[in-house]
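Subject: Structure handover

Hello,

Here is the structure for you to look at. My notes follow below it.

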Amino acid sequence: MSAPLNLVNFERVHKAFGTTVVLDDVSLGVAAGERIGIVGRNGGGKSTLLSLLTGVEEPDSGRVTRRGDLAMGVLDQSGTLPPGTTVRDVVLPSSMFAAEHEWAGDAAVRSVLTGLELDRLGLDAPVAPMSGGERRRVALAAQLIRPLDLLVLDEPTNHLDVEGVAWLAEYVKRRTGGLVVVTHDRWFLDEVCSTTWEVADGAVHAYEGGYSAYTLARAERARIASVTEERRLNLVRKELAWLRRGPPARTSKPKFRIEAAQALIADEPPARDSMALKGFAAKRLGRTVYDVEDVDYAVPTEDGPRTLFRDLTWHVGPGDRIGVVGVNGAGKTSLLKLLVGETTPDAGRVVVGQTVSPAYLSQHVTELPRTLRVVEAVQDVARIARIGNQEISASSLAERFGFAANRQWTPVGDLSGGERRRLQLLRLLMAEPNVLILDEPTNDLDIDTLTALEDLLDSFPGTVLVVSHDRYFVDRVCDKVVALLGDGTLAELPGGVEEYLQRRAAGGAPLTTASGDGGGRSVGAQQSTPSVSAAEARAAKKEAAKLERRMLKLDADEKKLHEQLAAAATDYAKAAELDAQLRAVQAEKEQVEEEWLAAAEVAEG
């Protein structure tokens, strides 16, 4: 694409810190309306790329240019807000809204206030005493309501629950301006981004599409180049295999050629043998892991005790892999603390199996021995760990979690927050627990580390309980999802996170009380799923075939226009005309893909 059409251009940019080259000879651009997701290992250069893009830093060589009238908003990770201000001052400043009716009549502004729960905080609430998560939501809202050409977000999903992440994805998709986002939330990347940039080894690799397309292209690039890192390639192929075998809403969306994906994973076994793992877990754990029996539990507040659980009964069995979701404040972390014995119920009891050996990862980074080296801190727990049917040394496991051989001798006190989080996980796994209880385990972990963790959990022959706002991680790791809706009960969701969001959108419709075997008693009318007749399924199958032929034609048109654009790079008028045609083709392709997805889901019943 020609430079004048871009909002920001990088031309042969080089940036180094001391002897470490972070970006080397990078040339790229951000076009108007483009939605770009940036991925890569922690410390690989993502934040540096953002700093150069926003003008916070300057390149050592090369040039970064921005359109002269560019209106750009930035959300960084600091959460810094002007002292002595209120939510209203930050989000609805008088410079933008002279009177309350100006923003009150704006549906987009009201959507932001509700979607980020600022209406609950109160517009006149001072920002100084707020928690880090609340301050981040205020800072995010301030950027979302502004009319911007380019919105730059660094980890915007941190401190948002699964419902808030879904709302944010829908909101930014409706925006007309460009978007550049750094996030480790793979569902968000897939849902929002039309382009993915991978920052690695001083270069920036661009992929068309979200996380699914990026995963395929990365595996294909590694295959073509005959990459020697066989283990890394196997992880990527395994991840791709899961993407293709996962929920229909993801697998049906044709962001990449299905034939190419099937060729890559033809010999790839399923991610895990659930029946074998459950059998192994039953031998190690016995029948009982956790039995929650008639539990009442309340927490103190300024307005008196607030009940989190009332007459709660729940069974967790050997080999169960359960994701726990719910609104903020519903009691997810409190439930985990009851299981591990950090708190006790007000009434009822929690029965723990005699053979249970749990490992609990809390949301907070606990103090680690600062003077020890990384590998010593891991070996302090054990030198060899057995996970499933494989034995892994402390050094090998540290390498799988992103600590290269030279980094393993770094003092713990010199590690970043994300690296300390990884070290916590390492130490937990080296202790060889048979029950893993993970509270927001994806915080501060990059995508490669998350993939390595998921690969280890695939072979973990015990019980896994996960509280997470990362719906991709929950879908990937867990076989069941249960929800806390703030009414004192625990409910099982056969439809997973998607069902949770649908029920919440419907106003918290009644759910099925959760039990360990997936059954349970009904506590209200169930929402019926409309059945699809055979005739409707046949018609949908024909429509899907028709739309697939149209997609092939649009693919060919798109490829031809790309070639014509490359040939007309110096003719700005011709390039602009071809670019308009390309955008029209891409828009039609997106629409056809959505129609194909709907037809495919009906055809599959």
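Start with a charge over a ring: the charged end of Arg422 sits over the ring of Phe403, 5.0 Å from its centre. That label needs NZ of Lys or CZ of Arg within 6 Å of the ring centre and within 35 degrees of the ring normal.

This is a predicted model: local features need pLDDT of at least 70, side-chain atom pairs count only at pLDDT 80 or more, and totals for chains, interfaces and linings use all residues. Residues are numbered from 1 along each chain as its sequence is written, and side-chain values use heavy atoms, with hydrogens and water left out.

The structure also holds 5 aromatic pairs. Rings of Phe, Tyr and Trp (its six-membered ring) pair if their centres lie within 6.5 Å; planes under 30 degrees apart count as stacked, over 60 as edge-to-face, the rest as tilted.

One of the pairs is Tyr211 with Tyr472, edge-to-face, 5.4 Å centre to centre and 85° between the planes. The two are 261 residues apart in the chain. Tyr211 counts as buried because its relative accessibility is 3%. Buried means under 20% relative accessible area, exposed over 50%, partly exposed in between (1.4 Å probe, protein chains only). Tyr472 is buried too, at 1%.

Tyr297 and Phe309 are stacked, 6.3 Å centre to centre with 25° between the planes. They lie 12 residues apart. Both are buried.

Ring pairs also join Tyr207, Tyr211, Tyr214 and Tyr472 into a cluster.

Overall, 51% of the 605 residues are buried.

Best wishes

Methods. Helices (H or I, at least four residues) and strands (E, at least two) are DSSP runs, numbered from the N terminus.
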